[in-house]
Structures are given as structure tokens and as C-alpha cells.
Amino acid sequence: MGGVLGLIQIDQSTVAIKETFGKFDAILQPGCHCLPWCLGQQIAGYLSLRVQQLDVRCETKTKDNVFVNVVASVQYRALADKASDAFYRLSNTREQIQSYVFDVIRASVPKMNLDDVFEQKNEIARAVEDELEKAMSAYGYEIVQTLIVDIEPDEHVKRAMNEINAAARMRLAATEKAEAEKILQIKRAEGEAESKYLAGVGIARQRQAIVDGLRDSVLAFSENVPGTSSKDVMDMVLVTQYFDTMKDIGASSKSSAVFIPHGPGAVKDIASQIRDGQLQGRMYFH
């Protein structure tokens, strides 16, 4: 019955092109319509008003002679009030859009170096969108958005770029490592200098304490034992220290046998030798 009466249904987001005896008559909106076929009315075709997407891959060359594949994603739709132009004026909408994308990309990218192409992809997308908007509006289409979704250099160029980047990072890492080692060596040297300085201060204080102790001992012994001189007391102190040193050497597990003279005369000789050695050392340094 619908075929006899010419009833048709048009879905949402779609319009139909109505012709009468082969001539454009009207744009039919979504819903139910009656087209009496006996009066020469018919549907020439349907036009979707939904946003459609076209991905265009364009190969071109940059200013520094690097071949790249630029992938542009174009989102477009037909305008309801210009549906007749969109239906009749273009035989292949997607090929027409693709031709304009090729033209803009191949006019823009060869003016840039490879690095600039990556940095200015938004400018390239804007140039493509502006050109498409001016061209396709005359055919009843609106360009919703244009994006540059991928830039693919030649595989050899990509490998070389990765190697350059890796070498730069390794050079930076080596510089940082050398700087860190330099700081460690400086700090280690400063620590050693501070340690030696403190050791020297400790030795000086130790010697000063020994001298002060000896002086106090000599004065106390001279005062408490009448008839003794400072020289006698120093001889006794030197001999005592000498035998204490021999005792320490004998107590050491790594020491070998040490033979020393024994007897009162020998002790006097030892004291005389120690005194002479100190005098010679003092004369040498002065």
C-alpha cells in the first residue's frame, strides 16, 4: 500500500532529495512523506547530516630534504540548508577534500625543517582547515575540525634522530657523573686536610702536656729531695722512659729479641746517649 501511495520514511539526521520528472524539487526532512509516483515525483537520493571523518595520508618533503608522511584527520558534515549543493555539485566529496588537503600540506611543509614540522603542526592543521572551509562551503559542506594526528619521517631518519638524542643524553650523563666525582674528590680532600689538621693539633697538645708534666715533675722532685739538680731528675726521667719503651717493645707480639747492656754503668751510658741524641737533634734543627 505504501508503494502504491508513494509513502516513504526518512530517518533522523538524514534528508532526502526530491525530484519531479528528473528536476530538483525540494529537500525532505526526517519523517513520513507522500510521493505520488504517477505525478513524476521520486527520491533522487539521501544525504546524511552527521559529522563524518576522513583520514588523509600525504607524503611530502621538508625544507631539509626529509620525506615525511603527514596524516590529517578532517571532520566535516553537509549543511541542511545547502543540501542540494552538497548532493548535486560534487560527485565524490571525499576525493575533493583529499585533494585540498594534499595541496595545503605540500605547500606548507616544504617551507619548514623537520623539527619545525613537529612544533608547528597546529599551524599546518589551521591552514588546512581554513583552505577547506573556503572551498567546501561553496559545495554545501561545513568543516568542523581538522587535526594533524601523525607525522612519520622515513625510518632511517627516525633511527638517526633517536641515535642523536641518545648520544646527547649520554653526553649529559657523563658530564653530570664527572661533576659528581669532582665534588666527591674535593670533599674527600677537604676531609683529609681537616683530619690532618686536627691530628696535628692533637699531637701538639699531647707534646705540650708531656712537657708540662715533665716540668712539674722536675720541680716537685727537686723540692722534695734535697741535693738533686734538675739535670739529675731529667736523667732519671729519660732512663725511665727508655725502659718503658723497651717494655712496650717486648710486649708486642710482632717484635723480635732486643739485646741491651745491663749494669749501673750501662744505665749511665744510656742516659748519656739519650741526652747527646737530643742535643744533636736540637742543634740540627736550629
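The chain contains eight helices and eight strands, where helices (H or I, at least four residues) and strands (E, at least two) are DSSP runs numbered from the N terminus. This is a predicted model, in which local features need pLDDT of at least 70 and side-chain atom pairs count only at pLDDT 80 or more, while totals for chains, interfaces and linings use all residues. Residues are numbered from 1 along each chain as its sequence is written, and side-chain values use heavy atoms, with hydrogens and water left out.

**The chain as a whole**

- Of the 286 residues in the chain, 23% are buried; buried means under 20% relative accessible area, exposed means over 50%, and partly exposed lies in between (1.4 Å probe, protein chains only).
- Among contacts between residues at least 6 apart in sequence, 62% join residues at least 24 apart; a contact means heavy atoms within 4.5 Å.

**Helix 3 and helix 5**

- The axes of helix 3 (residues 93–108) and helix 5 (residues 121–136) come within 9 Å and cross at roughly 135 degrees. This angle makes helix 3 oblique to helix 5.
- Axes are lines fitted to C-alpha atoms, for helices over the stretch in contact, and angles run from 0 to 180 degrees between N-to-C directions. Angles under 35 degrees count as roughly parallel, over 145 as roughly antiparallel, 65 to 115 as roughly perpendicular, and the rest as oblique.
- Helix 3 provides T93, Q96, I97, Y100, V101, V104 and I105, which meet I124, A127, V128, E131, L132, A135 and M136 of helix 5.
- By class, this contact of helix 3 with helix 5 has 11 nonpolar, two polar and one charged residues. Ala, Val, Leu, Ile, Met, Phe, Trp, Tyr, Cys and Pro count as nonpolar, Asp, Glu, Lys and Arg as charged, and the others, Gly among them, as polar.

**Two buried residues**

- T60 lies in strand 6 (residues 52–61) and is buried, with a relative accessible area of 7%.
- Leaving aside neighbours within four places in sequence, T60 is in contact with V66, F67, V68, V70, I105, R106, V109 and P110.
- A125 is part of helix 5 and counts as buried at 8% relative accessibility.
- Not counting residues up to four places away in sequence, A125 touches T146, L147 and I148.

- Q145 belongs to strand 8 (residues 141–153) and is partly exposed, with a relative accessible area of 37%.
- Q145 and A125 are 20 residues apart in sequence, and their C-alpha atoms are 8.8 Å apart in space.
- Beyond residues up to four places away in sequence, Q145 touches S73, V74, Q75 and E129.

**Two residues with positive phi**

- Most residues other than glycine have a negative phi.
- S13 has a phi near 65 degrees, a positive value in a residue other than glycine. S13 is found in the loop between strand 1 (7–10) and strand 2 (14–20), and is partly exposed at 27% relative accessible area.
- F21 has a positive phi near 55 degrees and is likewise a residue other than glycine. F21 lies in the loop between strand 2 and strand 3 (23–28), and counts as exposed at 68% relative accessibility.
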